[in-house]
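Please read it alongside the sequence and the coordinates.

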Amino acid sequence: MSKRTDLLLAMADDELILGWRNSEWTGIAPFLEEDVAFSSIAQNEIGHARALYELAAAELGTTADELAFDREPEEYRSAPLVELRRLEWARTIARHWLYETADQIRLHALKASDDEAIAGLAAKMDREEAYHRIHAEMWVDRLLATEEGGARLNDAVDELWPYALGVLDDELRPELRARVEERLGRKLPEVAPVPRGVHEAELQDLWNEMTVVRRSAPPGSQW
Amino acid sequence: MLDAQAPEESAAGEPSAVPEAGSAGREALRGQGRIFEVFRQERKGQPFQHAGTVDAPDERFAEIYAREQYGRRQESVALWVVPREAVTEIDEFPDEFEMKYRRVDGYSIKARLHEARERAGTLDMAPGGDAAA
């Protein structure tokens, strides 16, 4: 597999799995408007995944659906950050914000890529991600505005920090650290990143559910 | 308004799980604060029309929620998001003297024209066949 395909799949898997995790809030978010907004963001992420899979599929001679649903769990290239199941609002917001911040750094680097297809898609995604970032930043402000909210957010960031570092390649990590530290006004610990390649146990359960319909149909089924 | 009498109201059937009587407590519990009216423009140059409302803690949340609910399917080119309290409603229009002549559409002559044509026996000559009038 080329380095290009590997990069596309890593990003696509991040977006698909995070979109899936965020969609777990559909119907149970803290209040109705947030339910609609967060579900919409989740859907956008899955849309980004589709666009990325399509680029990879063209190179691999397969389809976006096959890449999204027909691989074994261990074949996914997603970062463990997006695989974690943390159905608790402060952790969800912390992950959302950490991911969007990391993703912005990654997209920014890709927009300068010599590969026109990748640079173009990165620019397109970034225009939509801008609203995800506004949403995430708004919630960070809201949580930081109260003592309890701030404490919960900071605890969640501490827990997720090694995972957040694992989203990015080595050379982009210092920028993530600088941004997060500046925003929270404190230093974050020097920790070993939880890198891509190993998977969280929760991914298996997610995969079972995500692919259940696909696996139930005879091969070659037309929908 | 509810907050002032929270204890009595609880006894009178308000959910007793409401923790603090302070408005901040309620707001946090419901996760919402204000109603914002949302107007949307479908195409450039067209008038903005009322699309619906969003229920949000503040302007920033209202903007995001309006965008997600009324703009994400490319159904709008622009939105106005207005706190409901900024809207002045006028809903009383006395018309004691039935001064219909002030209406911009003027007098209704349709019925009188119909009668006149009937008298003259030219009903079937009316433009477009006035039979339905």
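In which strand of chain B is the place of B:Leu79? B:Leu79 lies in strand E3 of chain B.

The model is predicted: local features need pLDDT of at least 70, side-chain atom pairs count only at pLDDT 80 or more, and totals for chains, interfaces and linings use all residues. Residues are numbered from 1 along each chain as its sequence is written, while chains are lettered from A and ligands numbered from 1 in the order in which they are written.

**Chain A: overall form**

- Chain A has 10 helices and 0 strands, where helices (H or I, at least four residues) and strands (E, at least two) are DSSP runs numbered from the N terminus.
- Along the sequence, the pattern of chain A reads α-α-α-α-α-α-α-α-α-α.
- The radius of gyration of chain A is 17 Å, close to the 17 Å that the globule rule gives for 223 residues, so chain A is as compact as a globular protein of that length. This radius is taken over C-alpha atoms, and the rule is 2.2 Å times the number of residues to the power 0.38.
- Along the principal axes, the C-alpha atoms of chain A fill a box of roughly 55 × 40 × 30 Å.
- Of the 223 residues in chain A, 37% are buried. A residue is buried if 20 or more other C-beta atoms lie within 10 Å of its own, exposed if 12 or fewer, and partly exposed in between, with C-beta atoms placed from the backbone.
- Among contacts in chain A with a separation of 6 or more, 72% are between residues 24 or more positions apart; a contact requires C-beta atoms, placed from the backbone, within 7 Å.

**Nonpolar cores**

- The largest nonpolar core has 51 residues, of which A:Ala12, A:Leu52, A:Ala56, A:Ala94, A:Leu160 and A:Ala164 touch the most other members. Such a core is a set of buried Ala, Val, Leu, Ile, Met, Phe, Trp, Tyr and Cys residues joined through C-beta atoms within 7 Å.
- Elements of chain A giving two or more residues to this core include helix H1 (3-23), helix H5 (89-111) and helix H7 (147-165).
- H1(A) contributes the most to this core, with 10 residues.
- Leaving aside residues up to four places away in sequence, A:Leu160 touches A:Leu81, A:Ala94, A:Arg95 and A:Leu98.
- A second, separate core of 15 residues includes A:Ile41, B:Val54, B:Ala56 and B:Ala66.

**Helix H8 of chain A**

- Helix H8 (residues 173-184) has 12 residues and should span 16 Å at 1.5 Å a residue; its end C-alpha atoms are 17 Å apart, which agrees. The expected span is 1.5 Å times one less than the number of residues.
- A:Gly185, with a positive phi near 65°, follows H8(A).

**Contact between the chains**

- Chain A gives 11 residues to the contact and chain B gives 14 residues.
- On the side of chain A that touches chain B, helix H2 (32-60) and helix H6 (116-144) are the elements that give two or more residues.
- H2(A) supplies the largest share of that side, 5 residues.
- The residues of that side comprise 7 nonpolar, 2 polar and 2 charged; Ala, Val, Leu, Ile, Met, Phe, Trp, Tyr, Cys and Pro count as nonpolar, Asp, Glu, Lys and Arg as charged, and the others, Gly among them, as polar.

**Chain B: strands and their pairing**

- Chain B has 4 helices and 3 strands, in the order α-α-β-β-α-β-α.
- Buried residues account for 14% of the 133 residues of chain B.
- In chain B, residues 24 or more positions apart make up 37% of the contacts with a separation of 6 or more.
- Strand E1 (residues 34-41) and strand E2 (residues 49-56) of chain B run antiparallel and are joined by 7 bridges; strands pair if DSSP finds at least two bridges between them.
- B:Ile35 stands opposite B:Asp55 in E2(B).
- E1(B) and E3(B) also run antiparallel, joined by 6 bridges, and B:Arg40 has B:Leu79 in E3(B) as its bridge partner.

- B:Leu79 counts as partly exposed because it has 18 C-beta neighbours inside 10 Å.
- B:Leu79 and B:Gln41 are 38 residues apart in sequence, and their C-alpha atoms are 6.2 Å apart in space.
- Not counting residues up to four places away in sequence, B:Leu79 touches residues including B:Val38, B:Ala66 and B:Tyr70.
- B:Gln74 is placed in the loop between helix H3 (59-70) and strand E3 (78-83) of chain B.
- Although B:Gln74 is not a glycine, its phi is positive, about 60°. Most residues other than glycine have a negative phi.
- B:Gln74 counts as exposed because it has 6 C-beta neighbours inside 10 Å.

Technical notes:
Contact = placed C-beta atoms within 7 Å.
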